[in-house]
Amino acid sequence: MRRSAPTPSSMPRRGFVAWCSAVAAAVLAGNTSLWADSVGAGSTGHPLRCHGHPAGSGDYEHPDPRPGIDASGVLPVEELSAAPHAVAVFDKIREIPEIADGVLCHCGCDHGERYPSLLVCYEKGGMAMWCEVCQGEGNLIYRLHKSGKSLDQIRVAVDAKFG
């Protein structure tokens, strides 16, 4: 049974405070597209739904994994109490940080220096707790990596599905 994403009125208090903080930060940073989605709740029904790249825009490039990258910045289970549905994918990303760091997230959070890769979406302040694109990419790259696919093959599959 698929669970629907929470709305501001159904979120636990902690989640609501985080949502308010994210919206305020987005507005202060001039990210009006995030604000518009937070007001309209986006296609996922969750206020923190990110925008994807325009179809066929081709204005993105996968990053090179940063030397020595590890999963130390990925949110621990204790910090995911507001998003228990996301615990499994966060656990997967903790296993493959070097792969996640070599893949661009297509949800739109990657624009600018703050989100250089999908891995950052799973760190403090990232969108992966609620964003279906971040979670979908995380599950896909994990499955493909475990099946023996190379980073280049994983990137092609991510682009085909989310790009």
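This is a predicted model: local features need pLDDT of at least 70, side-chain atom pairs count only at pLDDT 80 or more; totals for chains, interfaces and linings use all residues.
Leaving aside residues up to four places away in sequence, C134 touches C105, C107, L118, C121, Y122, M127 and A128.

Now zoom out to the core around it. C134 is among the residues with the most contacts inside the largest nonpolar core, along with F90, Y122, M129 and I141; that core has 34 residues. Colour the helices next: α3 (87-95), α4 (97-100), α5 (118-121), α6 (132-146) and α7 (151-162) each supply at least two residues of the core. Which helix gives the most? Pick α6, with six residues.

Next stop, the rings. Search the whole structure for aromatic pairs and you'll find one. Select F90 and Y122: their ring centres are 4.7 Å apart and the planes sit at 70°, so call it edge-to-face. F90 belongs to helix α3 while Y122 is in the loop between α5 and α6, so the pair ties together parts 32 residues apart in sequence. Buried or exposed? Both F90 and Y122 are buried.

Last, go to α7. Its 12 residues reach 16 Å from first C-alpha to last, close to the 16 Å expected at 1.5 Å a residue. Show side chains for I154, R155, V158 and F162, which are buried. Look down the axis: these four cover an arc of only 100°, which puts them on the same side of α7. As a reminder, an α-helix has 3.6 residues a turn, so residues three or four places apart point the same way. The buried residues of α7 pack against α4 and α6.

Note on methods. Residues are numbered from 1 along each chain as its sequence is written. Side-chain values use heavy atoms; hydrogens and water are left out. A nonpolar core is a set of buried Ala, Val, Leu, Ile, Met, Phe, Trp, Tyr and Cys residues joined through side-chain atoms within 4.5 Å. Buried means under 20% relative accessible area, exposed over 50%, partly exposed in between (1.4 Å probe, protein chains only). Contact means heavy atoms within 4.5 Å. The expected span of a helix is 1.5 Å times one less than its number of residues. The arc is that of the directions from the helix axis to the C-beta atoms. Rings of Phe, Tyr and Trp (its six-membered ring) pair if their centres lie within 6.5 Å; planes under 30 degrees apart count as stacked, over 60 as edge-to-face and the rest as tilted.
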